[in-house]
Structures are given as structure tokens and as C-alpha cells.
Amino acid sequence: MADVTLIVGSKSDVPAAKPAVDTLEKFGVSCQAVVCSAHRAPERLTHVVRDAETGGAKLFICGAGMAAALPGATAALTTKPVIGLPLAAGALNGIDALLAISQMPPGIPVATVAINGAANAAYLAIEILALSNGELAGKLAAWRRDQSDRVDSFE
Ligand code: RP5
């Protein structure tokens, strides 16, 4: 049982997605991480999403490069929030994934973060989960204060 299911489209995406896993871990948010391609294994993706929902997933983070169908395909399979993480890959270095992920037609949204913005995908997930989790909201507020204090520090 994990609050967040993180799916990446290829093993080659794992290093770029790792900061999301690390950030969720830092805040004590449970995460199940899976590699599943929307275009190479569409039926398996259906099972991954259904199993995640059955297991209590509250939202999805989906990282993919190039045409990056994965976040939209996942959003089509669930009404839980999907955060799309465009990854730098191929000739266009992530611009293609950024546009593909952010330009979902009305009705099936994907919240999109920056190219290789894995940490922010996790922070956005934490903000959503914190809406109904006071302890997590407290941790987030404390981290924000700490970040703010460090802005003016030379160390
Ligand atoms: C996308 O194509 C993946 O998300 C990855 O970013 C990119 C290249 O995948 P591989 O050919 O390395 O598996 O589907």
C-alpha cells in the first residue's frame, strides 16, 4: 500500500526520476516505483494503474521522454491526480515531452512540472497529500521555513 505510484516509461528514465523518490522518502511519503511503457506495454499499464488504485494510491507521478504518452495514458485510466514529469531524451531533449505532457485536451488533465523536474513532481505530490494530512502539512511548512532561512545564509 503506497500513497504515490511513480511510473516511468523506460529503465533509461530511472536516474532522472530518482530525485522524486528521494524527496518523497525525505517526507516519509510511501511510494511504489514502476517501469512501464505506455506504447510498448499498454495492457500492462492498465493493470499497473488498476493495481495501484486497489492498493490505495492517491496520486500518480509519470515520467517519460520523447513523445511521452505515459502521463496522458495514465490519466485516461484514473480520476486520481496525475503529475507529468517530462524527461530529457532523444533529439529534442525534453521539449517534445514537455509539450506532449502539458497539452492534454480538456477533461483529462496532467499537471506538468519542468523538464527533469523530478523533485518538484514530488513536492507537488506532497502538497496535494498534505491537504488531507496535517502531519505532512506541518513537515512541509517546516521545510519551507528552513529553506527560507537558508536563502540568506553564506553556508
Ligand atoms: C520514452 O522514450 C521513455 O520514457 C524514454 O524517456 C524514451 C527512450 O526510451 P528507451 O528507448 O531508452 O527505452 O518512451
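Is the crossing of helix 1 and helix 5 left-handed or right-handed? In this predicted model, that crossing is right-handed. Helix 1 covers residues 14-26. Its axis lies 7 Å from that of helix 5, and the two pack at an angle of about 35°. From helix 1, the contact takes Ala16, Ala17, Pro19, Ala20, Thr23, Leu24 and Lys26. Facing them in helix 5 are Ala118, Ala119, Ala122, Tyr123, Ala125 and Ile126. By class, the residues of this contact divide into 11 nonpolar, 1 polar and 1 charged.

Stay with helix 5, and turn to its contact with helix 6. Helix 5 runs over residues 118-130, and helix 6 over residues 134-151. Their axes come within 8 Å and cross at roughly 135°. An angle over 145 degrees would count as roughly antiparallel. Helix 5 and helix 6 are therefore oblique to each other. Their crossing is left-handed. Helix 5 contributes Tyr123, Ile126, Glu127, Leu129 and Ala130 to the contact. Helix 6 answers with Leu136, Ala137, Leu140, Trp143 and Arg144. The class count here is 8 nonpolar, no polar and 2 charged residues.

Now move to another pair, helix 2 and helix 3. Helix 2 spans residues 42-54, and helix 3 spans residues 70-77. The axes come within 10 Å and cross at roughly 55°. Roughly perpendicular would need 65 to 115 degrees, and roughly parallel an angle under 35. Helix 2 and helix 3 are therefore oblique to each other. Helix 2 passes helix 3 in a right-handed crossing. On the helix 2 side, the contact is made by Leu45, Thr46, Val49, Arg50 and Glu53. On the helix 3 side, Leu70, Ala73, Thr74 and Leu77 take part. These residues divide into 5 nonpolar, 2 polar and 2 charged.

Last comes the empty space. Rolling a probe the size of a water molecule over the atoms shows where such space is left. The largest pocket has a volume of about 270 Å³. Its lining holds 15 residues. Nearest the centre of the pocket lie Gly9, Ser10, His39, Gly65 and Met66. By class, the lining has 8 nonpolar, 5 polar and 2 charged residues.

Methods
Residues are numbered from 1 along each chain as its sequence is written. This is a predicted model: local features need pLDDT of at least 70, side-chain atom pairs count only at pLDDT 80 or more; totals for chains, interfaces and linings use all residues. Side-chain values use heavy atoms; hydrogens and water are left out. On a 1 Å grid over the protein atoms alone, a cavity is a set of points where a 1.4 Å probe fits but cannot get out, and a pocket is an open set with protein on both sides within 12 Å along at least five of seven lines; lining residues have an atom within 4 Å of a point. Grid points are joined across faces, edges and corners, and a volume is the space filled by probe spheres set on the points. Ala, Val, Leu, Ile, Met, Phe, Trp, Tyr, Cys and Pro count as nonpolar, Asp, Glu, Lys and Arg as charged, and the others, Gly among them, as polar. Axes are lines fitted to C-alpha atoms, for helices over the stretch in contact, and angles run from 0 to 180 degrees between N-to-C directions. Helices (H or I, at least four residues) and strands (E, at least two) are DSSP runs, numbered from the N terminus. A crossing is left-handed if the near helix is turned anticlockwise from the far one by less than a right angle, and right-handed if clockwise. Contact means heavy atoms within 4.5 Å.
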